[in-house]
Amino acid sequence: MQYDEARMHAVRIVESLRSGVPTRLCTREMPDVRPELVSTIRNDLEAFARGQVPVGRLVWGEYGQGKSHLLTTAEHMALDMGFCVSFVSLSREVSLHSLFHFYRRVAPVLRTAHSKVPGLQWQLARRKASDLASSPIVDPERYGHRRPAVALELLLTCGGDEESYYNLYNDLMGYRLPAGEMRHIARRVGMEHLLRGLPRFKHEHAQAYFGVLADVVCWCGYKGWVILIDEVELIARLGRVSRLKAYRNLHWLLNWDDEMPYPIYVLGAAATSLQDIWYANGKGAGRRVPDQVGIPQLAQLRMGRQAAAQMREFFEFAVSDHNPTIGPVSREAVLPLLKRLVELHAQAHAWAPPTSEEWLRQVTAALPDDTKLRTYIRYLLEVLDQLRLTGKIPELAVEPISEPLADLDEPASR
């Protein structure tokens with residue numbers, strides 16, 4: 001059986017939907033069931049492209065409502081508009097309680113539209129240190145610490161063919177060179193003056209790395225750095241002190257003080273179960289004090305009134321109208337997407353299933369009105385698979401999957 005390019009195209013889309021991991025092809029081919037939300041993100045990106053750093057957003061929704069799909073749509077939209085994009089999901093290995101460790105996760109996976117290789121290594125290999133003269137990177141007051149800017153200048157001086165270039169590029173990605181090795185490189189290229197008087201770098205200087213890389217993104221000809229963060233609700237599994245640090249870091253990245261000095265726009269997705277942890281409204285709070293109360297108290301104890309006020313504002317703004325909630329999609333709204341899915345399934349498997357909207361209504365009639373988008377897709381794929389193999393529409397039962405709580409028992413603070 002022959003698979004031409006068009007058929008392989010359809011196979012890739014169908015299988016990405018079956019796995020629940022939408023691809024760039026997927027978001028381009030499938031109709032958008034939430035145009036108003038996509039339009040809001042597009043407006044943010046258009047403002048960003050004009051030089052205005054937008055206030056970031058959290059998108060709330062239950063498991064299976066399409067949060068990850070929306071982030072993927074935003075990723076592809078941003079790439080098409082000329083931005084660089086980093087997409088990460090929080091986990092035990094990727095957390096926000098240390099901004100520097102988080103940087104080490106988002107920087108190396110930075111993507112551009114016209115390369116399958118992440119990062120900016122080949123773009124920087126074509127540049128020279130003298131090209132920095134017109135860039136804000138050379139402003140000595142722009143960053144909280146000059147180390148990442150110094151690493152960049154040394155990197156550009158070494159050139160892309162030297163081993164030192166790759167070591168310094170890794171430093172720019174957050175894998176810092178020992179100070180002695182950096183001094184040796186600076187001495188060898190006659191730029192040891194860059195390191196004179198440079199204070200010791202600490203993890204609290206992580207914002208400098210974000211700032212330098214964001215400026216490098218623009219210096220290389222892109223419009224800005226877009227960071228997409230999935231599964232934000234996993235912050236709730238950290239200890240109390242780590243949660244405070246994570247919320248403060250997220251507040252800074254989202255630009256909720258509207259004072260972000262660097263070209264960075266952040267969009268996050270969080271399960272609504274996180275709000276149960278914050279407000280103790282009947283589910284998920286367990287034995288601990290709700291974060292809306294406990295985190296500002298801890299902030300005041302450790303950092304003072306200003307930090308406490310910032311945290312109170314964080315929890316209030318997080319559930320404001322600025323941060324949308326994804327709800328169930330109506331059957332009529334999802335029909336164009338399902339119709340396109342039938343067409344792609346037919347192309348992928350070279351057969352002729354029914355394609356009318358009336359047939360789709362009949363097939364999905366057993367699904368409740370609040371069915372999640374992911375369930376619609378998987379249900380229809382199962383129907384199409386069985387119909388192709390047996391010639392009959394199967395009798396399928398949809399059982400709800402309980403969403404895992406964002407919270408576990410209170411872990412030890414760290």
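Me: Is C218 buried or exposed, or something in between?
Reply: Go by the relative accessibility. Keep in mind that this is a predicted model. C218 comes out at 31%, so it counts as partly exposed. C26, on the other hand, has 0% and therefore counts as buried.

Me: How many disulfides are there?
Reply: Here's the general idea: a disulfide is a covalent bond between the sulfur atoms of two cysteines. In this model the count is 0. Take C218: the closest cysteine sulfur belongs to C84 and sits 8.4 Å away, which is too far for a bond because the two sulfurs would have to be within 2.5 Å.

Me: OK, salt bridges next. How many are there?
Reply: You look for a side-chain nitrogen of Lys or Arg within 4 Å of a carboxyl oxygen of Asp or Glu. That gives 16 salt bridges here. One of them pairs D171 with R147, with the closest N and O atoms 2.5 Å apart. The two are 24 residues apart in the chain, D171 in helix α8 and R147 in helix α7. D171 and R147 are both buried.

Me: What is the salt-bridge partner of E75?
Reply: That's R111, with 2.9 Å between the closest N and O atoms. E75 belongs to helix α4, while R111 lies in the loop between α5 and α6. E75 is buried, at 8%, whereas R111 is partly exposed, at 29%.

Me: Which residues form the negative surface patch?
Reply: D257, D258, E259, E313 and E316 do. Among them, E313 is in helix α14 and is partly exposed, with 46% relative accessibility.

Definitions and conventions: Residues numbered from 1 in each chain as written. Predicted model: local features only at pLDDT ≥ 70, side-chain atom pairs only at ≥ 80, totals over all residues. Heavy atoms only, no water. Patch = residues over 30% accessible without salt bridge, like charges linked within 9 Å, V, L, I, M, F, W, Y side chains within 5 Å. Areas by Shrake-Rupley, 256 points an atom, 1.4 Å probe, with all protein chains shown as cover. Lys, Arg positive; Asp, Glu negative; His and termini not counted. Charge placed at Lys NZ, Arg CZ, Asp CG, Glu CD. Helix = DSSP H or I, 4+ residues; strand = E, 2+ residues; numbered from the N terminus. Buried < 20%, exposed > 50% of the residue type's maximum accessible area, 1.4 Å probe, protein only.
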